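User: I am new to this structure and want to know what the terms rest on. Can we go through them together?

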Amino acid sequence: MTDFTGKYGLIVGVANKRSIAWAIAQATARRGARLAITYQGRFEEHVNELSEGLSPPPLVLPCDVGSDADIDAVFARVGQEFGGLDFVVHGAAFAPRDELLAPFVNTTREGFRMTLDISAYSLIALARGAAPLMETRGGGSLLTLTYLGSERVFPNYKVMGVAKAALEATVRYLAADVGPRNIRVNAISAGPIKTLAAAGISGFSNILHVYPERAPLRRNVEASEVGEAAAFLLSDAGKAITGEVLMVDAGFHVTGM
């Protein structure tokens, strides 16, 4: 049920080997998926090097998710190469560093706009581009990545928490909108992992210390574990699941004190 042989996927948001999107790329490629992987500007060298380790070799393309022209170009190329798509992974998120350092009440209008655009609206833009390619394959699955900061206050998460809340609402509305086309939309809310994005959050290491003390499994999660959960949601094993936020956080979200 989690065999991806003959399946085509697009992975957006790989920055380096620690990216959760990269763990998902590995999990799906290992099961036989043919992938297209996008990179944003400065990460070209990292993504090209990583991609050399995948088999079959992925299609590697530039994409700034803040640009409709870039997104259109990616789907045009994917359509030419693959003829259709079975799944898309949205792993793009960004907030200007100053917005995470300043008091939340001082969030700027431009910083708010940029964070919501890249971290939440881009999922809508990707869904719009992917839908016609998924329909040629009889349907498909979209998956995005979120965090518990969408529901609870975490130190220095600030406007990114607001963006993740918007992202989760976007998952639900997209699921309802594209469901009649046999396209599913879900999210994984992963526990804290040392990614490039996490490095931009002041005091992130403190969060890593709290989870092993409080989570029912008494540990943090690994990117590979999120990759395995993603493979389940993207595969036929999850074909009746849509509009969901799957918690992959060692159970931390169920705790009170």
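Predicted model: local features only at pLDDT ≥ 70, side-chain atom pairs only at ≥ 80, totals over all residues.

User: What is in the chain, in terms of helices and strands?

Analyst: The chain holds nine helices and seven strands.

User: How do you know that the chain fits a compact globule?

Analyst: Set the value against the rule. A compact globule of 257 residues would have a radius of gyration near 18 Å, and the chain has 17 Å, so the two agree. The C-alpha trace spans about 50 × 40 × 40 Å along its principal axes. Of the 257 residues, 51% count as buried.

User: What share of the contacts joins residues 24 or more positions apart?

Analyst: Take the contacts with a separation of 6 or more. Residues 24 or more positions apart account for 75% of them.

User: What makes up the exposed surface?

Analyst: The chain exposes about 11700 Å². Carbon and sulfur atoms supply 53% of that area.

User: What is the strand order in the sheet, and which strands are the edges?

Analyst: The order is β3-β2-β1-β4-β5-β6-β7, in an open sheet of seven strands with parallel pairing. The edge strands are β3 (59-62) and β7 (245-248), since each pairs on one side only. From one strand to the next, the twist averages 20°.

User: How do you know that β2 is paired with β1 and with β3?

Analyst: A pair needs at least two bridges. Five bridges join β1 to β2, and four join β2 (residues 34-39) to β3. Both counts therefore meet the cut-off. The strands run parallel in the β1 and β2 pair, and in the β2 and β3 pair as well. Val12 has Thr38 in β2 as its bridge partner. Tyr39 has Pro62 in β3.

User: Which helices lie against these strands?

Analyst: Helix α2 (residues 44-51) lies across β2 and β3, at about 165° to β2. Helix α3 (residues 68-82) packs on the sheet and touches β1 (8-12), β2 and β3. The direction of α3 makes about 165° with that of β3.

User: Why is β1 called mostly covered?

Analyst: Four of the five residues of β1 are buried.

User: Why is Arg218 called exposed?

Analyst: Exposed means over 50%. Arg218 has 52% relative accessibility, so it passes the cut-off. Arg218 sits in the loop between α8 and α9 (223-234). Beyond neighbours within four places in sequence, Arg218 is in contact with Pro212 and Glu213.

User: What makes one side of α8 the buried side?

Analyst: In helix α8 (residues 204-214), Phe204, Ile207, Leu208 and Tyr211 are buried. They cover an arc of only 105° around the axis, so they lie on the same side of α8.

User: Which exposed residues does the face of α8 turned away from its buried side carry?

Analyst: That face carries His209 and Glu213.

Technical notes: Residues numbered from 1 in each chain as written. Heavy atoms only, no water. Helix = DSSP H or I, 4+ residues; strand = E, 2+ residues; numbered from the N terminus. Axes fitted to C-alpha atoms, helices over the stretch in contact; angles between N-to-C directions. Contact = heavy atoms within 4.5 Å. Rg over C-alpha atoms; globule rule 2.2 N^0.38 Å. Buried < 20%, exposed > 50% of the residue type's maximum accessible area, 1.4 Å probe, protein only. Areas by Shrake-Rupley, 256 points an atom, 1.4 Å probe, with all protein chains shown as cover. Arc of directions from axis to C-beta.
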